[in-house]
Amino acid sequence: MTTAHAPSPPAQTSRGTELLRLLTCGSVDDGKSTLIGRLLYDTKTVFEDQLEAAERASLTRGNDRIDLALLTDGLRAEREQGITIDVAYRYFATPRRKFIIADCPGHTQYTRNMVTGASSAQLALILVDARHGVSEQTRRHAFIASLLRIPHMVLCVNKMDLVDYDQVRFEEICDEFRAFAARLEISDVSFIPVSALHGDNLASRSVKTPWYEGQSLLHHLEHVYIGSDRELIDCRFPVQWVVRPQSDEHPDYRGYAGTVASGVFKPGDEVIALPSGMPSRIVSIDDPGAGGSIAKLDAAFPPLSVVIRLEDDIDIARGDMLCRPNNRAEARQDIESMIVWLTEEPLAPRRKYAIQHTTSTCRALVEDLRYRVNITDLRRDQSAEGLGLNEIGRVALRTTKPLLCDPYKRCRATGSFILIDEATNRTAGAGMII
């Protein structure tokens, strides 16, 4: 499987501007791409050449108006078929916040791409067609968002114009989704009636829904509280690379490069290197810049990529981890996890896979499939003998070496992993450690 990666966000528009990562998901043809295109259009963050290209493509397809979905459906196959296949990342900004939107595909066969988009999201926009209501794919995406611990969720009941902006229909859908979401680990759910085609309740409140007393979608995105979403308590720094330039300018330089997974690291902090258990102290935190320049940082926190230097010359390699002495990641070989299966070749007990966890790679044996989750009613099928494409279940793994990990609900970065089919080198499953 080809995985999609979110590109780096643009520079901050103003000092202290917050960044919100969100994704749109739901069933096919629920209007996800149109909603994002309308947001981009209404916030005036569409370049003229992009708008002109969308207008030409709309005319070619015989539309009498511009199809705003074409602003996000970037692949040629997507434009020809009128569907989203890959995850499309788009940026826009308001004076209050910057946004990175992952437009995820709605087709069941592309659920694996939705998992990619959801892995770093802070808020999930789940769209529902007001005519059809909550579908199986709606439930699947909500369940995956819950598994991936996305802290905020908005159910956008779209195409309200096709049901004459009926309040009763909106409330029926909200009640159905509430009953389903009550069985998931979702703490913050909001409901907004919208028409992505006409822009109702997107950038501003609509006069066509006088019965709706809430805010527009854009207002909600600008004001939803995300200050406590980052995990800043448990300090975790997986080492990706040992920096030894051995140049005349830096003859004795030795640092450890990586991305801060969680917590806050500062010069002078006591740390411990795992799995060796050797203690040391941080001498400096370096931010290598362009042209070979190095900036000294007062602190490092997620998702900064930095080089940490220690006062002791101890043995640390890729895959090791720096933690606080009294707050360490667990070293586990027996892993209980929820897994979303992402390939046509089914998962089966006693099969071996490569496992990628933070910066560490080893092999893993599937010891047991505890159960498979029925997406429709969330029941556990303990008689299941495997997991097929897009199915979700609880699995017991045994790894060839200990993983330095935390439960996923505690730290998303150190509590997640992927399984890789060694025969094809494709990503087979995405796991969340219990």
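This short report looks at cysteines, aromatic rings and charged side chains in one structure. Keep in mind as you read that the model is predicted.

**Cysteines**

Let's start with sulfur. The structure contains zero disulfides.

**Aromatic pairs**

Next come the rings. Searching the whole structure turns up five aromatic pairs. Two of these are set out below, and the values follow a simple idea: a pair of aromatic rings is described by the distance of the centres and the angle of the planes.

| Pair | Arrangement | Centre to centre | Between the planes |
|---|---|---|---|
| F92 and F99 | stacked | 4.5 Å | 15° |
| W341 and Y353 | edge-to-face | 5.5 Å | 75° |

Are F92 and F99 buried or exposed? Both of them are buried. For the other pair, W341 is buried, and Y353 is as well.

Where do W341 and Y353 sit along the chain? W341 belongs to strand β15, which covers residues 330–341, while Y353 belongs to strand β16, covering residues 352–357. The pair therefore ties together parts that are 12 residues apart in sequence.

**Charges over rings**

Look for R139, whose charged end sits over the ring of F180, at 6.0 Å from the ring's centre. Another example is R178, which lies over the face of F191, 4.4 Å from the ring centre.

Definitions and conventions:
Residues are numbered from 1 along each chain as its sequence is written. This is a predicted model: local features need pLDDT of at least 70, side-chain atom pairs count only at pLDDT 80 or more; totals for chains, interfaces and linings use all residues. Side-chain values use heavy atoms; hydrogens and water are left out. A disulfide is a pair of cysteine sulfur atoms within 2.5 Å. Rings of Phe, Tyr and Trp (its six-membered ring) pair if their centres lie within 6.5 Å; planes under 30 degrees apart count as stacked, over 60 as edge-to-face and the rest as tilted. Buried means under 20% relative accessible area, exposed over 50%, partly exposed in between (1.4 Å probe, protein chains only). Helices (H or I, at least four residues) and strands (E, at least two) are DSSP runs, numbered from the N terminus. A charge sits over a ring if NZ of Lys or CZ of Arg is within 6 Å of the ring centre and within 35 degrees of the ring normal.
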